[in-house]
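Below is a briefing on one chain, grouped by topic. It starts with the aromatic rings and then turns to the backbone and the chain as a whole.

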Amino acid sequence: WRAVNGQLIPEMESDTTGILAEYQPELITYQYSCNQSPTPEDEKQHQWKCTPPYNSMAHFQGIEKPWKSKFNRKQIKLSWTYQQKAARSLWFQEL
């Protein structure tokens, strides 16, 4: 989106998917089953999070914040990409 002189509403500059991919380093882990094809039905609403810059950041909400809940160290599994399970495991692993 970009500002246009004389307009209150921004104008769409581009809708090219993946245009920022070349500027992003390799992902450490995936979220929302973005590495699976086809995408599971209950994850399809999150498909917009599978492209840069959204796929390189984990935003934990509410009680899903790793530091607000219990976690079993034996459950660390970076390959489990459903929802934010792998990102949550990575958070504990890095801690």
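A search of the whole structure, which is a predicted model, finds 2 aromatic pairs. One joins Trp-48 and Tyr-54, and the other joins Trp-67 and Trp-91.

**Aromatic pairs**

- The ring centres of Trp-48 and Tyr-54 are 5.2 Å apart, and because their planes meet at 70°, over the 60 degrees required, the pair is edge-to-face.
- Tyr-54 has a relative accessible area of 44%, so this residue is partly exposed.
- For Trp-67 and Trp-91 the centres lie 5.4 Å apart and the planes stand at 40°, so this pair counts as tilted.
- Trp-67 belongs to the segment before helix H1 (85-94) and Trp-91 to helix H1 itself, so the pair ties together parts that are 24 residues apart in sequence.
- Trp-91 is partly exposed, at a relative accessible area of 28%.

**Backbone features**

- Most residues other than glycine have a negative phi, and most peptide bonds are trans.
- The peptide bond from Ser-37 to Pro-38 is cis, with omega near -5°, and Pro-38 sits in the segment before H1.
- A cis peptide bond also runs from Pro-52 to Pro-53, where omega is near 0°; Pro-53 is in the segment before H1.
- Ser-33 is not a glycine, yet its phi is positive at about 55°.
- Ser-33 is located in the segment before H1 and has a relative accessibility of 1%, so it counts as buried, the cut-off being under 20%.
- Gln-83, likewise a residue other than glycine, has a positive phi near 50°.
- Gln-83 also falls in the segment before H1, and with a relative accessible area of 32% it is partly exposed.

**Overall form**

- The chain contains 1 helix and 0 strands.
- Its radius of gyration is 17 Å, whereas a compact globule of 95 residues would have one near 12 Å.
- Along the principal axes, the C-alpha atoms fill a box of roughly 55 × 30 × 25 Å.
- Of contacts between residues at least 6 apart in sequence, 56% join residues at least 24 apart.

**Surface and charge**

- Buried residues make up 22% of the 95 residues in the chain.
- The accessible surface of the chain is about 7800 Å², and carbon and sulfur atoms account for 53% of that surface.

Key
Residues numbered from 1 in each chain as written. Predicted model: local features only at pLDDT ≥ 70, side-chain atom pairs only at ≥ 80, totals over all residues. Heavy atoms only, no water. Helix = DSSP H or I, 4+ residues; strand = E, 2+ residues; numbered from the N terminus. Rg over C-alpha atoms; globule rule 2.2 N^0.38 Å. Buried < 20%, exposed > 50% of the residue type's maximum accessible area, 1.4 Å probe, protein only. Contact = heavy atoms within 4.5 Å. Areas by Shrake-Rupley, 256 points an atom, 1.4 Å probe, with all protein chains shown as cover. Phe/Tyr/Trp six-rings, centres within 6.5 Å; stacked < 30°, edge-to-face > 60°.
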